[in-house]
Structure formats: C-alpha cells, structure tokens
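Subject: Structure handover and notes

Hello,

Here is the structure you asked to take over. My notes follow below it.

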Amino acid sequence: MELLLFYIFGGVAVLASLGLVTGKNPVHSALFMVVVFFVIAALFVLLGAEFLAAAQILVYAGAIMVLFLFVIMLLRLQPEELRNTSRHAFQKFFGIVLSLVLMAQIALIVRGGFFKGAKGNYTPEVVSGFGGNTEAVAAVLFTDYLFPFELTSLILLMAMVGAVVLTKKELK
Amino acid sequence: MTEFIIIMLVKMFVIFGAVMLTMTYITLAERKILGYMQIRPGPNRVGPWGLLQPIADGIKLFLKEDIIPDKASKVVFVIAPAMALIPAVMTLAVIPFGPAVTIMGRQVDVYMADVNIGILYIFAVSSIGVYGIVLAGWSSESKYSLLGGLRSSAQMISYELSMGFALVGVIMMSQSLSMVKIIEAQKGVWFIVPQFFGFIIYITAAIAELNRTPFDLPEGESELVAGYFTEYSSMKYAMFMLGEYINIISVSGIVTTLYLGGWSGPILPPLAWFMIKLLAVVFFMIWVRATYPRFRYDQLMTFGWKVLLPASIANILLTPVFMKIFGYL
Amino acid sequence: MVTLEHYLVLSAILFGIGAIGVLVRRNAIIIFMSIELMLNAVNLSLVAFSRQLNSMDGQVFVFFIMTVAAAEAAIGLAIMVSLFRNKETLNVDEINLMKW
C-alpha cells in the first residue's frame with residue numbers, strides 16, 4: 001500500500017518537474033511547480049512528517065508560488081523567445097549530460113548503502129508520546145535549535161527590507 | 001480495510017450531499033434576507049416563497065452556452081474554476097459536524113477525519129484558494145479579469161496573515177491543533193468570550209478572504225464588470241459560485257468549531273446545535289453584506305496591514321496574560 | 001516496504017531535473033523555480049533521513065530551509081521586478097552587462 005502510494009506520488013513528482021523545466025509559458029511552469037509541492041507534501045505525510053507537509057503547502061504553495069504567479073502576471077511575461085540560443089549552443093547539451101551524470105552518481109552512492117549514521121531518540125513511539133509530529137518538532141526546535149530559530153527572524157526581516165528597497169521606484 | 005473505505009465513502013457522500021443542499025438554500029436565503037432587509041420581497045415567483053428558485057438558477061446556468069474567449073489560455077482557463085472549487089470542498093474534510101453516533105451497531109463519527117494538525121490543514125488548504133482567482137484573472141486575457149485577479153490575490157495574501165494570527169489565540173487556549181480537542185477544550189466557556197478580539201479579527205479577515213461585501217473589490221461591478229470571472233459563463237461560472245458558497249459554509253463551520261463551542265449545547269442533539277450555530281454565522285455574514293458599503297482599495301490595504309495585523313499580533317501577546325490572570329495556565 | 005533508498009533516488013531524480021532546468025532554461029523566473037525544485041528535492045531526502053535515523057533534526061532543518069526559501073523568493077522576485085523595469089526582459093542571455 002505504502003509502496004503503491006510512493007510510486008504514484010513519485011511518478012507524478014517526476015512528470016510534473018519535467019513539465020516545469022520544459023514548459024514554454026512561465027505560468028504553466030508555475031502550475032507544474034504547485035503540483036510538485038503537493039506531491040512532496042504527500043510524501044512528507046507518508047514519512048510521518050505531518051507538520052512539514054502542512055508547512056510545505058502553506059509556505060511553498062500558498063505563499064511563494066502565489067508570489068511567483070503575482071510577479072508573472074504583473075510583468076505580463078511572454079513565452080520564452082528562441083533568439084540568442086546560438087550563443088550557448090553547447091550549454092543545453094552539456095547541461096543535460098552533466099545533470100544526468102550527477103543523477104547517476106547520486107543513485108550509485110545511494111545503492112552503495114553508505115548511510116550508517118547513529119540512530120536518534122525519536123522513535124515513532126516517543127513521537128506519539130509527545131502527542132504527535134508537530135509537538136516533537138517543536139520540542140527540538142525550541143530547545144536545541146532555539147538560537148538558529150531566532151536568527152531566521154533576522155533573515156526574514158532582511159528579506160522584507162530588501163524587497164521593499166529593491167522594488168521602490170524612488171527612494172526619498 | 002474494506003469496511004473502513006466503505007464507511008469513508010458513505011460519509012463523504014452524505015457530508016458532500018448535505019453541504020450541497022445547504023449551500024443551494026443559502027443562496028436563496030441570502031437573496032430573501034437581503035430582500036427583506038431592503039424592504040422588498042426577494043425571489044418569490046418560482047414555487048412558494050421562491051423555494052424552487054435555486055433549482056431554476058441551476059438549470060439556467062447548466063443550459064447556457066459555454067464561452068471560451070478566443071485569446072484565452074485554454075487549459076488554464078478551464079482548470080481555474082476547478083482550482084477555486086476544490087480547496088473549498090477540501091476544508092470540509094476536517095470540520096467536525098457532530099460526535100460519534102451509532103449506526104447499525106457501529107460507532108461512526110460525523111466528520112471525515114480528526115487529524116492532529118487540523119488547524120494547520122485548514123490554513124494550508126485555504127491558502128491555496130487564491131489560485132483559482134489568480135489563474136482565472138490571468139488566463140482570460142481581459143483587462144478587467146486581470147485587474148480583478150491582481151486585486152484579489154493581493155487582498156487575500158494580506159488578510160490571510162491576520163486570519164492565521166487570530167487563530168493562534170485559540171491554539172494557545174486549547175493547547176491542541178485538533179478540531180475535536182478544541183471543541184472539548186470549550187466545555188466550560190466558549191472561546192468567543194475569552195477570545196472575543198480574536199473572533200472579531202478572524203471573522204473580518206474571513207469575510208475579506210471570501211471576497212464578500214464590504215471587501216468585494218475584486219468583483220466590484222461598477223468598476224471591474226465582474227472582476228476575475230468577467231469572461232466566464234455557464235457551468236464554469238457556476239463552479240466559482242459553488243466554490244464561494246461552499247467556502248461560506250466551511251468558514252462558518254470553522255468559526256462554529258473554534259469560537260462557538262462546536263456541537264456542544266443542551267437538550268437538542270449535537271448535530272442540530274452545530275447546524276443552528278453554523279446558520280447563525282451565515283446569517284451574520286449576510287447581515288454584514290446588507291449593512292456595509294464597499295471599501296476603497298487603498299482603504300482595504302491600509303485596514304488590512306495597519307489595523308487588522310497589529311491587532312491580531314496584540315491579541316497573541318495579550319492572550320497569555322489573560323490566561324495567567326484567569327487561571328487557565 | 002518503502003526504504004530510504006527509494007526516497008533518496010526520487011530526491012536525486014528531482015534534484016537532477018532541477019539542475020537541468022537551471023542550466024538549460026533562459027527565463028530567469030523558470031530558473032528560479034528550478035532552484036526551488038532542487039531545494040525541495042533536498043528537503044525530501046532530509047525528511048527521509050529523519051525517519052530512517054529516528055531523529056527530529058532533519059525535520060527542523062527542512063523548516064529552516066523553508067524559511068530561507070521564503071526569504072529568497074521575496075528578494076529574488078524583487079530583483080526580477082527591478083530588472084524587468086530597467087531592461088524589459090528576463091532572458092538571462094540578454095542580462096550580460098554589469099552596469100547598464
């Protein structure tokens with residue numbers, strides 16, 4: 001059952017991401033991206049990470065991609081023109097070949113089974129003892145990772161200020 | 001396993017059917033109530049008191065010619081109404097309509113699922129509701145649609161924040177994200193009392209999210225014809241309307257669950273209490289529609305960012321103080 | 001039974017497709033989306049490791065990556081808007097001058 005679901009979601013993820021990189025129209029690419037976010041959220045649920053699944057849809061599909069679509073709509077982008085491709089005639093070829101090599105390398109490493117890390121404390125029983133995945137994530141996030149967590153607020157503040165400064169027409 | 005699937009399918013059909021029926025008659029109730037509030041009878045020709053009016057409307061929309069504009073981006077144009085409808089229906093999955101009842105010797109819950117991330121799920125699903133509108137606006141290749149879509153997406157992104165922050169107060173008080181646990185936490189006092197400001201902020205932001213008066217700028221007919229669905233006709237238009245009214249029901253269901261104590265109440269069965277509270281919230285929204293004029297766009301943005309958002313953050317800060325004083329902690 | 005390898009291979013495939021998108025496409029917005037795809041592929045493998053190793057750290061990392069991705073999207077799109085205002089194109093081949 002789990003395997004079947006994995007293959008369905010995985011297949012959809014691969015097809016949609018292919019659609020994303022081959023789509024001529026940015027809006028179509030954005031829609032394929034939304035599909036990828038959804039199936040990855042579904043895979044998170046399969047992996048028992050419900051909080052991240054909800055956050056994935058909330059942050060990626062609900063905020064980031066809406067921002068992308070908003071900008072695409074605002075700029076009235078036309079489908080990608082085909083001029084100027086001669087300048088980088090080989091880049092397409094080498095790009096695809098090198099990426100395939102990268103994929104093959106990662107797959108080889110994975111098949112080799114070099115992952116022998118020490119097991120942590122959060123077994124499924126412990127997690128359900130906390131009351132669920134969300135509580136367990138919070139328990140780690142607000143203790144061991146409290147300082148990085150506070151730092152992310154600084155990153156978000158910088159992003160906010162940066163975005164305002166960059167898009168403002170005239171600085172007064 | 002098969003029994004589980006059959007029970008889930010039956011529940012799905014029953015809940016979906018009941019919501020569709022309620023939704024149909026909410027359209028009629030809205031027109032009737034608006035009519036009486038404006039001292040006119042409202043629809044009264046089709047059937048007694050216009051009771052067959054929703055059916056007549058449905059048949060009319062169904063039989064109309066389906067027009068796709070020549071320049072429209074066809075695939076997106078067809079997908080957009082579905083994208084508006086699906087999140088609305090998805091929300092219904094976690095709304096607890098009633099506690100377990102015994103049917104044919106089996107304990108059956110009157111809700112699809114009680115997931116332990118209930119509120120987060122609702123956030124996530126309602127945050128994707130904006131896609132239908134953005135895509136409809138973009139794909140129609142019409143300036144009114146595009147402007148309506150842009151306005152609406154900006155509005156929904158702005159008000160989503162306040163909506164989310166308003167709910168944090170409820171999560172703090174109930175100490176849980178599960179909808180059923182939140183109802184159980186309201187055994188003593190409904191959260192509308194301790195979380196009154198949160199309730200006001202939530203329902204204001206929710207009305208803005210639903211694009212209803214006084215926040216219905218995306219479809220302000222005097223300036224934008226009909227906003228993002230100007231170019232839509234027939235069943236595709238009907239799907240936008242379906243999505244909008246199912247959303248009204250799901251938002252009312254959420255308000256009922258989070259602030260009004262859900263299914264709990266004396267004497268009457270729980271399901272009846274839930275329906276009474278839900279319809280009261282729906283009536284409130286119709287009342288608001290009959291009362292207020294439309295905002296100007298800059299007023300809308302100012303209100304969202306400079307009033308509602310700080311108020312919701314203040315609510316988060318004040319809730320723990322309140323909880324300490326009144327002994328919730 | 002779905003093993004760690006399944007998820008890692010899927011993550012590798014998605015990462016590779018994202019890399020192809022970054023290298024081959026010329027539209028800055030699509031390149032940006034491909035980068036988001038690569039980030040998501042990494043997220044997937046982190047969560048898979050997190051389950052495999054019974055540890056919450058992987059999920060916390062994913063949470064941080066999401067925050068950074070949100071910040072990155074805001075800044076990146078702001079850059080694109082101001083770029084489009086000045087050059088009226090988002091084709092990266094035509095954006096080849098340091099100062100314009």
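A residue is called buried here if 20 or more other C-beta atoms lie within 10 Å of its own, exposed if 12 or fewer do, and partly exposed in between, with C-beta atoms placed from the backbone. This is a predicted model, in which local features need pLDDT of at least 70 and side-chain atom pairs count only at pLDDT 80 or more, while totals for chains, interfaces and linings use all residues. Residues are numbered from 1 along each chain as its sequence is written, and chains are lettered from A and ligands numbered from 1 in the order in which they are written.

Helix H12 of chain B

Helices (H or I, at least four residues) and strands (E, at least two) are DSSP runs, numbered from the N terminus. Helix H12 of chain B covers residues 297-325, 29 residues in total, and spans 40 Å from first C-alpha to last, close to the 42 Å expected at 1.5 Å a residue (1.5 Å times one less than the number of residues). H12(B) has a kink of about 35° centred on B:Phe303; the bend is the angle between axes fitted to the seven residues ending at a residue and the seven starting there. Its buried residues are B:Leu300, B:Gly304, B:Leu308, B:Ser312, B:Asn315 and B:Thr319. Helix H6 (143-174) and helix H8 (196-209) of chain B are among what covers them. After H12(B) comes B:Gly327, with a positive phi near 75°.

Contacts between chains

Two residues are in contact if their C-beta atoms, placed from the backbone, lie within 7 Å. Two pairs of chains are in contact, and chains A and C share the most contacts. That contact takes 63 residues from chain C and 72 residues from chain A. On the side of chain C, H3(C) gives the most, with 22 residues. The residues on that side divide into 42 nonpolar, 13 polar and eight charged. Ala, Val, Leu, Ile, Met, Phe, Trp, Tyr, Cys and Pro count as nonpolar, Asp, Glu, Lys and Arg as charged, and the others, Gly among them, as polar. Chain B and chain C do not touch, their nearest C-alpha atoms being 14 Å apart.

Nonpolar core

A nonpolar core is a set of buried Ala, Val, Leu, Ile, Met, Phe, Trp, Tyr and Cys residues joined through C-beta atoms within 7 Å. The largest has 165 residues, and A:Phe37, A:Ile57 and A:Met65 have the most contacts inside it. H3(A) supplies the largest share of this core, 18 residues.

Regards
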